[in-house]
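Here's a quick briefing to read alongside the sequence and the 3D view. Have both open, and we'll go through them topic by topic.

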Amino acid sequence: MGRMIGIDLGTTNSLATYIDDNGEIQFVKNEYGSILIPSVVGIDENDEIIVGELAKERRMMNAGETASNFKRRMGTEAKIKVVNRTFDAQMLSSFVLKHLKESAEKQLNEKIDRAIISVPAYFNDKQRKDTKIAAELAGLTVERLINEPTAAALSLGSHILDQN
């Protein structure tokens, strides 16, 4: 069984964390050394899926070759066209999750197959189910979905404990 990561699948940016061998929380960095991964998916000139920084740069030059803000459509049947392909929010989210997973695997040099993912507290059952499906498409088993305010409270709690 591989290591587990924590993921904040954001509307604008996403990030992942893990607990190191010393019990410290560490951020996963992308290929540019950034912890924030733009939640943007695009298609390049070779018809390949690109995610994150590259897709964000492409969006600035040609918005029709990218998709963003798709998290807001999670749980709906909405279709999002990117160049000559059509995706749903689940699939686009899976590309971001897979990018985070692969970045973590590269940084840690080990397999990542499980995640805890934070979701907005207002997400309904369908939106939560679609988030789990997106993670499965990315090769991740969701150990737990946690509400974003709960994640913030847990983080605050661990910070307070560290000070005592």
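A residue is called buried when its relative accessible area is under 20%, exposed when that figure is over 50%, and partly exposed in between. Keep in mind that this is a predicted model.

**Ile5 and its strand**
- You'll find Ile5 in strand β1.
- Gln26 sits 21 residues away from Ile5 along the chain, and the C-alpha atoms of the two are separated by 9.9 Å.
- β1 runs parallel to β10, and 6 bridges join the pair.
- If you want a spot to check that pairing, look at Arg3, which stands opposite Ile112 in β10.

**β10 and what surrounds it**
- How many of the 8 residues of β10 are buried? The count is 7, so to speak a mostly covered strand.
- β10 also runs parallel to strand β11 (residues 141–147), again with 6 bridges joining them.
- Within that pairing, Ile117 has Leu145 in β11 as its bridge partner.
- Helix α3 (residues 125–137) belongs with these two strands: β10, α3 and β11 make a right-handed β-α-β unit.

**The largest pocket**
- The largest pocket holds about 690 Å³ of space.
- Its lining is made up of 20 residues, and Gly6, Ile7, Thr17, Ile25 and Ala151 lie nearest the centre.
- Which elements each supply at least two residues of that lining? They are β1 (3–8), β2 (13–19), β3 (25–27), β10 (112–119) and α4 (148–163).
- By type, the lining divides into 13 nonpolar, 5 polar and 2 charged residues.

**Helix α2**
- Helix α2 covers residues 89–108, and its 20 residues should span 28 Å at 1.5 Å a residue. The C-alpha atoms at its ends are 28 Å apart, which agrees with that expectation.
- Of the 20 residues in α2, 15 are buried, so the helix is largely enclosed by the rest of the structure.
- Just after α2 comes Asn109, with a positive phi of about 55°.

**Loops with a positive phi**
- Asn69 is not a glycine, yet it has a positive phi of about 60°.
- Its place is in the loop between β7 (66–68) and β8 (80–82).
- Is Asn69 buried or partly exposed? Its relative accessible area is 33%, so it counts as partly exposed.
- Val83 is another non-glycine residue with a positive phi, this one near 50°.
- Look for Val83 in the loop between β8 and β9 (85–87).
- Val83 has a relative accessibility of 37%, so it is partly exposed too.

**Asp44, a buried loop residue**
- Asp44 lies in the loop between β5 (40–43) and β6 (49–51).
- Despite being in a loop, Asp44 counts as buried because its relative accessibility is 16%.
- Leu54 is 10 residues from Asp44 along the chain, and their C-alpha atoms are separated by 9.1 Å.

Definitions and conventions:
Residues are numbered from 1 along each chain as its sequence is written. This is a predicted model: local features need pLDDT of at least 70, side-chain atom pairs count only at pLDDT 80 or more; totals for chains, interfaces and linings use all residues. Side-chain values use heavy atoms; hydrogens and water are left out. On a 1 Å grid over the protein atoms alone, a cavity is a set of points where a 1.4 Å probe fits but cannot get out, and a pocket is an open set with protein on both sides within 12 Å along at least five of seven lines; lining residues have an atom within 4 Å of a point. Grid points are joined across faces, edges and corners, and a volume is the space filled by probe spheres set on the points. Helices (H or I, at least four residues) and strands (E, at least two) are DSSP runs, numbered from the N terminus. Ala, Val, Leu, Ile, Met, Phe, Trp, Tyr, Cys and Pro count as nonpolar, Asp, Glu, Lys and Arg as charged, and the others, Gly among them, as polar. Buried means under 20% relative accessible area, exposed over 50%, partly exposed in between (1.4 Å probe, protein chains only). Two strands pair if DSSP finds at least two bridges between them. A crossover is right-handed if, with the strands pointing away from the viewer, the path from the first strand over the helix to the second runs clockwise. The expected span of a helix is 1.5 Å times one less than its number of residues.
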